[in-house]
Amino acid sequence: MSAREAKMKAAVLKEPKDLRLEKIPRPECPPGGVLIETAASAICNADVKMVDKGHKALDYPRILGHEVTGKILESLTEQFERGDRVQIAPGIVCGECEFCQQGLTNNCEEIEILGFTRDGGFAEYLSIPAKGIKTGAVNSIPDKLSFSRAVFSEPLACCINGLDLARVKQGDSVLIIGAGPIGCLQAMLAETYGAKKIIMADRLERRLEFVDSEKAALTKVDCLINTGRESLNRAVMKETADRGVDVIILACRQGAAAYPLPELLKFRGRILLFSGLPAEDAALEVDGNLLHYGEKALIGAYGCTAEQNQKALKLIAEGKIAVDRLITDEIPLEQISQGIKKARNKIGMKTIIQFEHQKGEII
Ligand SMILES: [Zn+2]
Ligand SMILES: [Zn+2]
C-alpha cells in the first residue's frame, strides 16, 4: 500500500458533543518536517471542554490531543531520524513575529496549536512541519524516560509559564485552588522554586484525599482545605496566622468570582489566573484599592513556550517532578470516550492513551 493510501485510527471532533473514532488517511511527512507514530497522548481538561462546549481557539473537524509523545517514523530533516523518541510542544510558531523574537512563542501571532488549530495526538500518526522543527516543537526524550511520563512535559511547561509569570520564589507561601492533576503539578513545581508553604483547596474530598495519600511526592503541601465544608478565607488565615499568602493560583475553572481573593494576599501578593473561567462567569469583581494599596497583582497565563517545554522535560527526566504518581489510567484510543468521561467527572487524575504500535516498549 502506498503512503498515500495508508489509513490511521483517529478521534475526530466533528463539532461539540460529536467525537468520533474514525479511519482516516494518514498524514504524509511534510518537506523539512517529520511524521510521528504516536506512543502516548494524555487527556487534558481542555479536551473535555472542547468535546462538551467547543473552544475559542478550535476549528472543526479536528483531531484533539495536545499532550503528545511518539517515535519518528519518517524524517525529512537532518535533526531527527527514524526511531527517535520525541515529545511534542504543541505550539507550531512562526519564529519571526515580535513575540517569537523575544522567546515568547506561546504569544506568537501566527501560532498553530496541535489539537486546536492543527491535528493533534489522539491519532496513530501526526505530522510536524519544518517550522515546528526550527522553533523547537520536537524534543528528544532521554533514554530512560517513558513516553507516558514525558507526555507531562506540556502541562508542566504551562505550569512553569504560570509560576514564572506569578514570580513564585524562594520562601513564598502559595495557595493552589484546585487539587486536580494541574494543581498537583503546580504544587510539586512550586516546591522546586523554593516555596516554603503550600496550601491546596478543592471542593472534592477525593481529590484532597489523593493529595494526602501522595505526601511522598507532595512534601510541601502543609494544609488541605475542603471548600465545600469550610470557609476558604478562614482556613487560609488560620493556617498563615492571619498574614495571608504570597501567591494564589486558580487551577480550576470554577470560582474566581466566588472567592474574595485579594484579601487573602500579603502585600505584593500575586493572583494567577491559570485556568480559563466559564464564559458566563468570567467577570471578576475586584476591589481596585486592595490591589493599589497592597501592591497586589492579578496575572493571566496561557500555554507555554518551546523553551519552557524543554525545561519541563528536563525536570521530569531528572525525577524532580514525580509525574508517574499522577497517572491513574492507561487506555487504548478506542476507549477515549470513557477517558474523557472520567476527566469530566474528575475520577482519578490523569488518563493516558497508549497506542498499540508502542506496546512492548520496555521503559
Ligand atoms: Zn492540556
Ligand atoms: Zn511568531
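Which protein donors hold the zinc ion (ligand 2)? They are C94 (SG), C97 (SG), C100 (SG) and C108 (SG), lying 2.3 to 2.4 Å from the ion. This is a predicted model, in which local features need pLDDT of at least 70 and side-chain atom pairs count only at pLDDT 80 or more, while totals for chains, interfaces and linings use all residues. Residues are numbered from 1 along each chain as its sequence is written, chains are lettered from A and ligands numbered from 1 in the order in which they are written, and side-chain values use heavy atoms, with hydrogens and water left out.

**Zinc ion (ligand 2)**

- Donors here are N, O and S atoms within 2.8 Å of the metal (3.2 Å for Na, K and Ca); water is not among the atoms, so sites may look incomplete.
- The 4 donor atoms subtend angles of 103 to 117° around the zinc ion (ligand 2), so the arrangement is tetrahedral (for four donors, all angles between 85 and 135 degrees).
- For comparison, the ideal angle for four tetrahedral donors is 109.5 degrees.
- Along the chain, the donors of this ion follow the spacing C-x2-C-x2-C-x7-C.
- C97 sits in the loop between strand 7 (91–92) and helix 2 (98–101), and C108 in the loop between helix 2 and strand 8 (112–113), so this pair ties together parts that are 11 residues apart in sequence.
- Helices (H or I, at least four residues) and strands (E, at least two) are DSSP runs, numbered from the N terminus.
- Both C97 and C108 are buried (under 20% relative accessible area, with a 1.4 Å probe and protein chains only; exposed is over 50% and partly exposed in between).

**Zinc ion (ligand 1)**

- The protein donors of the zinc ion (ligand 1) are C44 (SG), H66 (NE2) and E67 (OE), at 2.1 to 2.4 Å.
- These donor residues are spaced C-x21-H-E in sequence.
- C44 belongs to the loop between strand 3 and helix 1 (45–53), and E67 to the loop between strand 4 (62–63) and strand 5 (68–75), so the pair ties together parts that are 23 residues apart in sequence.
- C44 counts as buried because its relative accessibility is 16%, and E67 counts as buried because its value is 1%.

- Strand 12 (residues 197–202) is mostly covered, with 6 of its 6 residues buried.
- In a regular strand, side chains alternate between the two faces of the sheet.
- In strand 12 both faces are covered: K197, I199 and A201 are buried on one side, and I198, M200 and D202 on the other.
- Strand 11 (residues 173–177) runs parallel to strand 12 and is joined to it by 5 bridges (two strands pair if DSSP finds at least two bridges between them).
- M200 in strand 12 is the bridge partner of I176.
- Strand 12 is also joined by 5 bridges to strand 13 (residues 221–226), again running parallel, and I199 stands opposite C223 in strand 13.
- Strand 11, helix 6 (residues 181–192) and strand 12 form a right-handed β-α-β unit (with the strands pointing away from the viewer, the path from the first strand over the helix to the second runs clockwise).
- Another right-handed β-α-β unit is made by strand 12, helix 7 (residues 205–213) and strand 13.

- Strand 3 (residues 34–42) runs antiparallel to strand 9, with 4 bridges joining them, and E37 has Y125 as its bridge partner.
- The charged end of R26 sits over the ring of Y125, 4.8 Å from its centre (NZ of Lys or CZ of Arg within 6 Å of the ring centre and within 35 degrees of the ring normal).
- R85 lies over the face of F147, 4.6 Å from the ring centre.

Notes
Tetrahedral: all angles 85-135°; square planar, octahedral: opposite > 155°, others 65-115°.
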